[in-house]
Amino acid sequence: MINYLYREQNWKSQLSDLITDPQELLNILNLSQDDLLSGAILASEQFKLRIPRAFVEKMDISNPKDPLLLQVLPHHLELEEHADFVTDPLGEEQANHLPGILHKYESRFLLTLTGACAVHCRYCFRRHFPYQENLPKNHDWENIQNYILQHPQINEIILSGGDPLTISNQKLETWIKRLESIEQLQTLRIHTRVPVVIPTRLDDELLTLLKNSRLRIVIVIHSNHANELDDFTVSQLKNLADQHITVLNQAVFLKGVNDNADVLVNLSKRLFEARVMPYYLHVLDKVKGAHHFDLDNAIIEQIYTDILARLPGYLVPKLVREIAGEKNKTPLYGVTVA
Ligand code: SF4
């Protein structure tokens, strides 16, 4: 058992002490396979290794197939070319109307305040996204405000990633206050994986900030496996529910990680213990470098049918695929997943 005492560490110090060296990661996990190391070094040249120590603490020692490790360890298979796996699988360049704005859906848009994440998930559909050209500066606020006012159907803003909870509470507060000042906005959604990989990020200051907002706050975390939700993480997530904040989870269906009905059933049950409702189960977006996580359609339907039979309806996440240019995510159960 690794023990970094991460529960006592401020989230900012954890964020500034990420593991970025494949050799260090493999040493900590007592993994000495040369092919793992050489593959990780090569693949991390294209998309860097980036993992909080608090997340590594949840992994099994000496297990190269650990489901948490597989999500974050660069692998030589990422370097394979597959014609249908591309750099922008969701066509987000077309939806990028102003720096920081991705407007794909009618009543809401994504605001990307940062390109940084606490962890680099190897299957991430934005692993090639040109964040540096798209981050809003303070002086962009006026344009963003005007954009919202010119689209009166927009009533919800989604802070997305990069991961918005990697920025300071002060900066977050500045942006929340700006959004609160626009009367037509009712809901603020925050998409984040940080509470799963650095649970101390849910500090009192953040909880107070969210609790006091006039906007309805929805936090959508990202967890793919129950092993990510240890007792400390669960207790931190419960603090959000205690502040009457709606907390949902989205997961990605990943070969080798959660392509098993038992794993997905356990994930939903564990989320419920943390007072987090399962929301989406995404079929993998076909992003270049992630082909080795892809699953056959028949397997997806078989597993999903199994979890439908085993869980109460409120604990079954919606199985969806995002299709570039569509106005909503496409539900898949009962229709072809091709
Ligand atoms: S935290 Fe989210 S945005 Fe960041 S790499 Fe992982 S999946 Fe992508």
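**Stop one: the largest pocket**

Select Cys 124, Phe 125, Arg 126, Ser 160 and Gln 250: of the 47 residues lining the largest pocket, these lie nearest its centre. A pocket here is an open set of points on a 1 Å grid over the protein atoms alone, with protein on both sides within 12 Å along at least five of seven lines, and lining residues have an atom within 4 Å of a point. Before you go on, note that this is a predicted model: local features need pLDDT of at least 70, side-chain atom pairs count only at pLDDT 80 or more, and totals for chains, interfaces and linings use all residues. Numbering starts from 1 along each chain as its sequence is written, and side-chain values use heavy atoms, leaving out hydrogens and water.

The largest pocket holds about 1000 Å³ of space, a volume being the space filled by probe spheres set on the points. Now colour the strands (DSSP E runs of at least two residues, numbered from the N terminus). Those supplying at least two lining residues each include β1 (101-105), β2 (108-112), β3 (156-160) and β4 (187-192). The lining splits into 24 nonpolar, 12 polar and 11 charged residues.

**Stop two: the second largest pocket**

Next, pick Leu 36, Pro 64, Lys 65, Leu 70 and His 75, the closest to the centre among the 14 residues lining the second largest pocket. Its space is about 350 Å³.

Leu 36 also sits in helix α3 (residues 34-44), where it is buried along with Leu 37, Gly 39, Ala 40, Ala 43 and Ser 44. Buried means under 20% relative accessible area (1.4 Å probe, protein chains only). Show α2 (22-28) too, as it is part of what covers those buried residues.

**Last stop: a helix pair**

Finally, show α7 (residues 169-180) and α9 (residues 204-211), whose axes come within 10 Å and cross at roughly 5°. That angle makes α7 roughly parallel to α9, a label for angles under 35 degrees. On α7, the contact (heavy atoms within 4.5 Å) uses Asn 169, Gln 170, Leu 172, Glu 173 and Ile 176, and on α9 Glu 205, Leu 206, Leu 209 and Leu 210.

Terms used. Axes are lines fitted to C-alpha atoms, for helices over the stretch in contact, and angles run from 0 to 180 degrees between N-to-C directions. Helices (H or I, at least four residues) and strands (E, at least two) are DSSP runs, numbered from the N terminus. Angles under 35 degrees count as roughly parallel, over 145 as roughly antiparallel, 65 to 115 as roughly perpendicular and the rest as oblique. Buried means under 20% relative accessible area, exposed over 50%, partly exposed in between (1.4 Å probe, protein chains only). On a 1 Å grid over the protein atoms alone, a cavity is a set of points where a 1.4 Å probe fits but cannot get out, and a pocket is an open set with protein on both sides within 12 Å along at least five of seven lines; lining residues have an atom within 4 Å of a point. Ala, Val, Leu, Ile, Met, Phe, Trp, Tyr, Cys and Pro count as nonpolar, Asp, Glu, Lys and Arg as charged, and the others, Gly among them, as polar.
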